[in-house]
Amino acid sequence: MSAAIPKEQWAQVVIKTGGPIEYKKIPVQQPGPDEVLINIKYSGVCHTDLHAVNGDWPLPTKLPLVGGHEGAGVVVAVGDNVYDIKVGDYGGVKWINGSCLSCDFCQQSDEPLCANALLSGYTVDGTFQQYCIAKAAHMARIPKECDLEAIAPVLCAGITVYKGLKESGARPGQSVAIVGAGGGLGSLACQYAKAMGLDIIAIDAGDEKREMTKQLGAQHFVDFSTSKNVVSDVKAATVDGLGPHAVILVAVNEKPFQQAAEYVRPRGTVVAIGLPAGAYLRAPVFESVIKMITIKGSYVGNRKDSAEAIEFFRRGLIKAPYKTCGLSELQNVYKMMQEGKIAGRYVVDTSK
Ligand code: 8ID
Ligand code: ZN
């Protein structure tokens, strides 16, 4: 390892589930033979990180835990068996930190389904630290011309919504409802959907999110907090009143997961992506059958989806708003996120 790598670094550590997190110095790890060490410059803050702190899901985290899985930085050390990455390259740490690469799912490029997948900021330490380990096979390759601060949110939010939009089967010219459009995943979803030539109905609350989603390319906005009837308002926003071809659910609330089947177009597809605690999907059997609708889940993306999502960004098609603060202020970001006050994404600068 190069002498420039310190032995200690600043990190935000979850000591116990439920929080609070602790900003403190911890040792810098050395990469194993199939790993790289990345000096994380910026990391996006995803609602998943907050679910991890709160213990919202039926899957335990490691403890103590360094959260974070939208990290962009510079490779500072590579393991002995890594041949295609060199010190100085730009690298991204995403949710899928590593996978076995040999199981039935990995063989078919469904790496997120690998039973032994390592999850950044959940089952292995993530990007809310200055130096983070990633399996070389899964490190996101970030082209040198990309801005590390702006690309950070692409590494989870971008990849996930890009994959979800592909899973929806929506084609250029068709319409998509993005539920939770004013949040982190939602704001990126607006940009990817626009780049894919879709007509966008953004669903969220408040004027700030209405204005932001309009800037991002949404033609319509339904405010779920003031609408008297979300189902009829969403249908009315489509040209023929029959409802959107696809629904991308990225809200952190159960209600819309039980509502989408009512406004999706016949033959349409509902894609569940958001993961509100303890929530259930619900749809009326009668309408689901006679409308021939599809309801499916979508979980991050594989390595190819990741490279494609990054390429959309490199080409200048993805410009989603973010605010930046120091890593030391992460607890405050969680507070705003819990209250639904963040329009777009927050990015933390690990040097502050
Ligand atoms: O691979 C996956 N499936 C994956 C990947 C990454 C993240 C899933 N996620 C999950 C997260 O764990 C989280 O549950 O996606 C969800 C959204 O993450 P986020 O975008 O990082 O959360 P956010 O920034 O807090 O945005 C949530 C938005 O939902 C809106 C809020 O106003 C906010 O803008 N919202 C809520 I809460 N209730 C709503 C409703 N009833 C709603 N929007 C419309 N209708
Ligand atoms: Zn995420």
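How are the donor residues of the zinc ion (ligand 2) spaced in sequence? Some notes on that and on two other spots follow.

1. The spacing is C-x22-H-x86-C. The model is predicted, so local features need pLDDT of at least 70 and side-chain atom pairs pLDDT 80 or more, while totals for chains, interfaces and linings use all residues. Residues are numbered from 1 along each chain as its sequence is written, chains are lettered from A and ligands numbered from 1 in written order, and side-chain values use heavy atoms, without hydrogens and water.

2. The protein donors (N, O and S atoms within 2.8 Å of the metal, or 3.2 Å for Na, K and Ca; water is not among the atoms, so sites may look incomplete) are Cys-46 (SG), His-69 (NE2) and Cys-156 (SG), at 2.0 to 2.3 Å from the zinc ion. His-69 sits in the loop between β4 (65-66) and β5 (71-78), and Cys-156, 87 residues apart from it, in the loop between α3 (148-151) and α4. Helices (H or I, at least four residues) and strands (E, at least two) are DSSP runs, numbered from the N terminus. Both His-69 and Cys-156 are buried (under 20% relative accessible area; exposed is over 50%, partly exposed in between; 1.4 Å probe, protein chains only).

3. Ten of the twelve residues of α4 are buried, including Ile-159, Val-161 and Leu-165. Among the elements covering them are β11 (175-179) and α5 (184-195). Just after α4, Gly-169 has a positive phi of about 75°.

4. His-138, in the loop between β9 (131-135) and β10 (140-142), is buried at 2% relative accessible area. Its side chain makes polar contacts (N or O pairs within 3.5 Å; within protein, one able to donate a hydrogen and the other to accept it, and residues adjacent in sequence counting only if both atoms are side-chain atoms) with the side chains of Lys-94 (3.2 Å) and Ser-99 (2.9 Å).

Notes:
Contact means heavy atoms within 4.5 Å.
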